[in-house]
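Work through the exercises below with the sequence and the model open side by side. Each task is followed by a worked solution.

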Amino acid sequence: MRVQDSSTYDRLLEAAAKLFAFQGFDGTTTRQIVKEAGSSLSSLQIHFKSKESLYQAVLEKTQESFYALNEPVLNEIDELEKQGFLDEDSAWNLIVEFTGQIVEWAFMSEYTNEILLINRELLQPSDQFKTLPDAIRRLYQYYEKLFEVYAGEKNTFWAKMLSFSVITSLFDYANYPHVLGQVLGCDMKLPENKQKAKAYAKQYSLSAIRANLNMYKKQKADTSLP
């Protein structure tokens, strides 16, 4: 990428993310993308070669934002596990931190289109979305690991399902900001309203997670009784 063309590159990425999110890969044309970006087909070809390559670049940008935001807590999980210090208490503390980070990401307006695109692909995968991006897959895997440490079990179906349910619900906050604002009866563009919504989303998510984890722990204890 040439430095002097970085703004064109970014505009194409932003326009593509928006159109792919709302219209899907197959429903979006390169002409629509360059029109939205205020650019040209030749610029798109110079920077991305093809619509397929542009789509992958949008996904990579989304993964980079995920990784940058979650890297500290993911590294902490790995380090505690490596040292043998990952137990019930530390697992819960990390669940709280991890959930808070994802809630923050879900409410970042600059990533709304990227999150909507991922959710669209999770529901109706295109031919371009053959496997989960690594950053998304890791979210599921790390949640699953923390859930199992907390409950004292391994390789459980319920932990996989719980991680899927939690992440899906967190994505929904980013997918429906307009609806959320109408339900709450407030302007979600105002920082104070967004902050209140984030606080509730985190509180609700953690309450639901803990209730489920305690239920599974109780079931395990009951089945172990003579």
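**Exercise 1. A serine in a helix**

Leaving aside its neighbours within four places in sequence, which residues is serine 205 in contact with?

Solution. The model is a predicted one.
Step 1. Locate the residue: serine 205 belongs to helix H10.
Step 2. Serine 205 has a relative accessible area of 5%, and the limit for buried is under 20%, so serine 205 counts as buried.
Step 3. Set aside the neighbours within four places in sequence; the contacts of serine 205 are then Thr99 and Leu170.

**Exercise 2. The chain as a whole**

Describe the secondary structure, the extent and the burial of the protein chain.

Solution. 
Step 1. The protein chain has ten helices and zero strands. Along the sequence its pattern reads α-α-α-α-α-α-α-α-α-α.
Step 2. The C-alpha trace spans about 70 × 40 × 30 Å along its principal axes.
Step 3. Of the 226 residues in the protein chain, 43% are buried.
Step 4. Take the contacts with a separation of 6 or more: residues 24 or more positions apart account for 71% of them.

**Exercise 3. The nonpolar cores**

Find the largest nonpolar core, say which elements build it, and then look for a separate one.

Solution. 
Step 1. The largest nonpolar core holds 46 residues, and those with the most contacts inside it are Ile95, Phe98, Phe107, Tyr143, Phe147 and Leu213.
Step 2. Two or more residues come from each of helix H4 (51-83), helix H5 (88-106), helix H6 (112-123), helix H7 (134-151), helix H8 (157-175) and helix H10 (191-224). H7 gives the largest share, ten residues.
Step 3. Not counting residues up to four places away in sequence, phenylalanine 147 touches Ile95, Trp158, Ala159, Leu162, Ser163, Val166, Ile209 and Leu213.
Step 4. There is also a second, separate core of 22 residues, which includes Ala16, Ala57, Leu59 and Phe129.
Step 5. As background, nonpolar side chains in soluble globular proteins tend to be buried together.

**Exercise 4. Tyrosine 143**

Is tyrosine 143 buried or exposed, and which residues surround it?

Solution. 
Step 1. Tyrosine 143 lies in helix H7.
Step 2. The relative accessible area of tyrosine 143 is 0%, so this residue is buried.
Step 3. Beyond its neighbours within four places in sequence, tyrosine 143 is in contact with Ile95, Phe98, Thr99, Ile102, Ser163, Val166, Ile167, Leu170 and Ile209.
Step 4. Tyrosine 143 and alanine 16 are 127 residues apart in sequence, and their C-alpha atoms are 30 Å apart in space.

**Exercise 5. The two sides of helix H2**

Which residues of helix H2 are buried, and why do they lie on the same side of H2?

Solution. 
Step 1. Helix H2 covers residues 30-37, and its buried residues are Ile33, Val34 and Ala37.
Step 2. These residues lie on the same side of H2 because they cover an arc of only 90 degrees around the axis.
Step 3. Arg31 and Lys35 are exposed on the other side of H2.
Step 4. After H2 comes glycine 38, which has a positive phi, near 65 degrees.

**Exercise 6. Pocket and cavity**

Solution. 
Step 1. The largest pocket has a volume of about 460 Å³. Its lining has 21 residues, and the closest to its centre are Ser109, Thr112, Pro177, His178 and Lys189.
Step 2. H6, H8 and helix H9 (177-184) each give two or more residues to the pocket lining. The largest share, five residues, is from H9.
Step 3. By class, this pocket lining consists of eleven nonpolar, seven polar and three charged residues.
Step 4. The structure has one cavity of 30 Å³ or more. The volume of the largest cavity is about 50 Å³.
Step 5. Phe66, Tyr67, Asn70, Leu74, Ala135, Arg138 and Leu139 line the largest cavity. H4 and H7 are the elements that give two or more residues to this lining, and H4 gives the most, with four residues.
Step 6. The residues lining the largest cavity divide into five nonpolar, one polar and one charged.

Technical notes
Residues are numbered from 1 along each chain as its sequence is written. This is a predicted model: local features need pLDDT of at least 70, side-chain atom pairs count only at pLDDT 80 or more; totals for chains, interfaces and linings use all residues. Side-chain values use heavy atoms; hydrogens and water are left out. A nonpolar core is a set of buried Ala, Val, Leu, Ile, Met, Phe, Trp, Tyr and Cys residues joined through side-chain atoms within 4.5 Å. Buried means under 20% relative accessible area, exposed over 50%, partly exposed in between (1.4 Å probe, protein chains only). Contact means heavy atoms within 4.5 Å. On a 1 Å grid over the protein atoms alone, a cavity is a set of points where a 1.4 Å probe fits but cannot get out, and a pocket is an open set with protein on both sides within 12 Å along at least five of seven lines; lining residues have an atom within 4 Å of a point. Grid points are joined across faces, edges and corners, and a volume is the space filled by probe spheres set on the points. Ala, Val, Leu, Ile, Met, Phe, Trp, Tyr, Cys and Pro count as nonpolar, Asp, Glu, Lys and Arg as charged, and the others, Gly among them, as polar. The arc is that of the directions from the helix axis to the C-beta atoms.
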